[in-house]
Amino acid sequence: MNRIFRDLFAEKKHIKLGLYGPPNGGKTTLANRICKDWIGEEMGSVSNLAHETREIQIKEQVNIKSKGKELTFNLVDTPGIATKIDYEEFLKAGMKEAAAKKRAKEATKGVIDSIKWLDNMDAVIVVLDATEDPYSQVNITIIGNLQARDIPVLIVANKVDLKKARLMKVNDAFPQYKVVGISAKYGNHMEEFYESLFDLVR
Ligand SMILES: Nc1nc2c(ncn2[C@@H]2O[C@H](COP(=O)(O)OP(=O)(O)OP(=O)(O)O)[C@@H](O)[C@H]2O)c(=O)[nH]1
Ligand SMILES: [Mg+2]
């Protein structure tokens, strides 16, 4: 295609960058970190109780710069994907029955929305908890679906600040993808993350 023509359209294009993964991996923590780093505000609420994000959240026009390069995207935080949502988990965490059932219902809808939205993504960051077994049904299904759709994927092995984190295990599980180990919570290795992001959407 004619270069000038292409560049003209490139200006207008809003890249949709999705954050996907199982509940509790740290998607919203990473979204908040990115937003704090580049626009000085947070994006959503974080909790150690799973399914805190139950609706798609979008932060438009996030502009990042690294080594003279610049990138603008719409950042999409998604509800964590799970194969089984049990309201008893929320009861155990101290929620009342009605609230726990409501959270489970919303979480189920959230999973469906996340999957529906996959087709809208130009690139996806899969956020995994590096202290957990990477070979889960959810992880394999998410990554398999992204591969089938030809959507560029960057895998984040999050929570490397924890002693139990195993970056190499995540690497070994998904050898065809770039894996970057970070701590979204403490902001460790974010430069490497941003550089990988530039490579992803280049
Ligand atoms: N130690 C540590 N904890 C983290 C890190 N990132 C996130 N967490 C914690 O992990 C829990 C889940 O974080 P969230 O950002 O809510 O996870 P999520 O992937 O958005 O979860 P859902 O919205 O339920 O899908 C919270 O208690 C966070 O504080 C990290 O880098 N290190
Ligand atoms: Mg979340």
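Predicted model: local features only at pLDDT ≥ 70, side-chain atom pairs only at ≥ 80, totals over all residues.
The backbone contributes at A184, where an N or O atom is 3.1 Å from a ligand oxygen. At K185, a polar backbone atom lies 3.2 Å from an oxygen atom of ligand 1.

T53 also takes part in the metal site. The magnesium ion (ligand 2) is coordinated by OG1 of T28 and OG1 of T53, at 2.0 to 2.1 Å. These two residues link distant parts of the chain, 25 residues apart. T28 belongs to helix α2 (residues 27-39), whereas T53 sits in the loop between α2 and β2 (57-66). Both T28 and T53 are buried.

Helix α5 was examined next. Helix α5 spans residues 137-148, 12 residues in total. The distance from its first C-alpha to its last is 16 Å, close to the 16 Å expected at 1.5 Å a residue. Its buried residues are V138, N139, I142, I143 and L146. Viewed down the axis of α5, these fall within an arc of 120°, so they line one face of the helix. An α-helix has 3.6 residues a turn, so residues three or four places apart point the same way. The cover over the buried residues of α5 includes strands β1 (15-20), β4 (123-129) and β5 (153-158). On the other side of α5, Q137 and A148 are exposed. Just after the helix, D150 adopts a positive phi of about 65°.

Technical notes: Residues numbered from 1 in each chain as written. Chains lettered and ligands numbered in written order. Heavy atoms only, no water. Helix = DSSP H or I, 4+ residues; strand = E, 2+ residues; numbered from the N terminus. Expected span 1.5 Å × (residues − 1). Buried < 20%, exposed > 50% of the residue type's maximum accessible area, 1.4 Å probe, protein only. Arc of directions from axis to C-beta. Contact = heavy atoms within 4.5 Å. Donors = N, O, S within 2.8 Å, 3.2 Å for Na, K, Ca; no water. Polar contact = N/O pair within 3.5 Å; in protein donor to acceptor, adjacent residues only side chain to side chain.
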